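Subject: Handover of a structure and its findings

Dear colleague,

Please find below the structure that I am handing over to you. I would ask you to look at it first and then to read the notes that follow.

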Amino acid sequence: MFWENFGKDVNAKSTMMFLGDARNNYHSTNAWVLKECQKRARSVFWLNPEPRSYWDTGDSVITEYSTYTDGVFECRNLRQLEGFVDNLA
């Protein structure tokens, strides 16, 4: 749905930030959307609010998504968000 509504607006000036636990409820990952974003955007980041120890457990597909990002960051609190922002600078 995101790609249908906004894909045409993603360009070399875009910085994409996805926030979510990367759990797909055992449905298709639709990782192709991230792949297309990576092709068009300046950068793509994924901020994951789950502890890193939960990544890739159960229905988490964060490693598949990370293939098409410039970085995946655990981001559950202000300290971690600050670390992410410092990484951008």
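Does Trp32 count as buried, partly exposed or exposed, and at what relative accessibility? Trp32 counts as partly exposed, at 46% relative accessibility. Please bear in mind that this is a predicted model.

Overall organisation

The protein chain contains 4 helices and 3 strands. Read from the N terminus, its elements follow the order α-β-α-β-α-β-α. A compact globule of 89 residues would have a radius of gyration near 12 Å, and the protein chain agrees with this at 13 Å. The C-alpha trace spans about 35 × 35 × 20 Å along its principal axes. Of the 89 residues, 40% count as buried. Considering contacts between residues at least 6 apart in sequence, 77% join residues at least 24 apart.

Aromatic pairs

A search of the whole structure finds 8 aromatic pairs. One of them brings together Trp3 and Trp32, whose ring centres are 6.5 Å apart. Their planes stand at 80°, and the pair is therefore edge-to-face, the class for planes over 60 degrees apart. Trp3 belongs to helix α1 and Trp32 to helix α2, so this pair ties together parts that are 29 residues apart in sequence. The two partners also fall into separate accessibility classes: Trp3 is buried, with a relative accessible area of 16%, whereas Trp32 is partly exposed at 46%.

A further pair is formed by Phe45 and Phe73. The centres of these rings are 6.2 Å apart and the planes are at 50°, so the pair is tilted. Phe45 is in strand β2 (residues 43-48) and Phe73 in strand β3 (residues 71-74); the pair thus links distant parts of the chain, 28 residues apart. Phe45 is buried, with a relative accessible area of 7%.

Ring pairs also link Phe2, Phe6, Phe18, Trp46 and Tyr65 into a cluster.

The largest pocket

Which residues line the largest pocket? The lining consists of Met1, Phe2, Trp3, Phe18, Ser28, Thr29, Asn30, Val33, Leu34, Trp46 and Tyr65. The volume of the largest pocket is about 260 Å³. Helices α1 (2-6) and α2 (32-40) each supply at least two residues of its lining. By type, the lining residues divide into 8 nonpolar, 3 polar and no charged.

Individual residues

Ala22 has a phi of about 60° and is placed in the loop between β1 (15-19) and α2. Asp56, with a phi near 65°, lies in the loop between β2 and α3 (62-66). Are these two residues buried or partly exposed? Ala22 is buried, with a relative accessible area of 5%, while Asp56 counts as partly exposed at 41% relative accessibility.

Apart from its neighbours within four places in sequence, Ser43 is in contact with Ser14, Thr15, Met16 and Asp70.

Ser66 lies in helix α3. With a relative accessible area of 28%, Ser66 is partly exposed. From C-alpha to C-alpha, Ser66 and Ser28 are 16 Å apart in space, and they are 38 residues apart in sequence.

With kind regards

Key: Residues are numbered from 1 along each chain as its sequence is written. This is a predicted model: local features need pLDDT of at least 70, side-chain atom pairs count only at pLDDT 80 or more; totals for chains, interfaces and linings use all residues. Side-chain values use heavy atoms; hydrogens and water are left out. On a 1 Å grid over the protein atoms alone, a cavity is a set of points where a 1.4 Å probe fits but cannot get out, and a pocket is an open set with protein on both sides within 12 Å along at least five of seven lines; lining residues have an atom within 4 Å of a point. Grid points are joined across faces, edges and corners, and a volume is the space filled by probe spheres set on the points. Ala, Val, Leu, Ile, Met, Phe, Trp, Tyr, Cys and Pro count as nonpolar, Asp, Glu, Lys and Arg as charged, and the others, Gly among them, as polar. Rings of Phe, Tyr and Trp (its six-membered ring) pair if their centres lie within 6.5 Å; planes under 30 degrees apart count as stacked, over 60 as edge-to-face and the rest as tilted. Buried means under 20% relative accessible area, exposed over 50%, partly exposed in between (1.4 Å probe, protein chains only). The radius of gyration is taken over C-alpha atoms; the globule rule is 2.2 Å times the number of residues to the power 0.38. Contact means heavy atoms within 4.5 Å.
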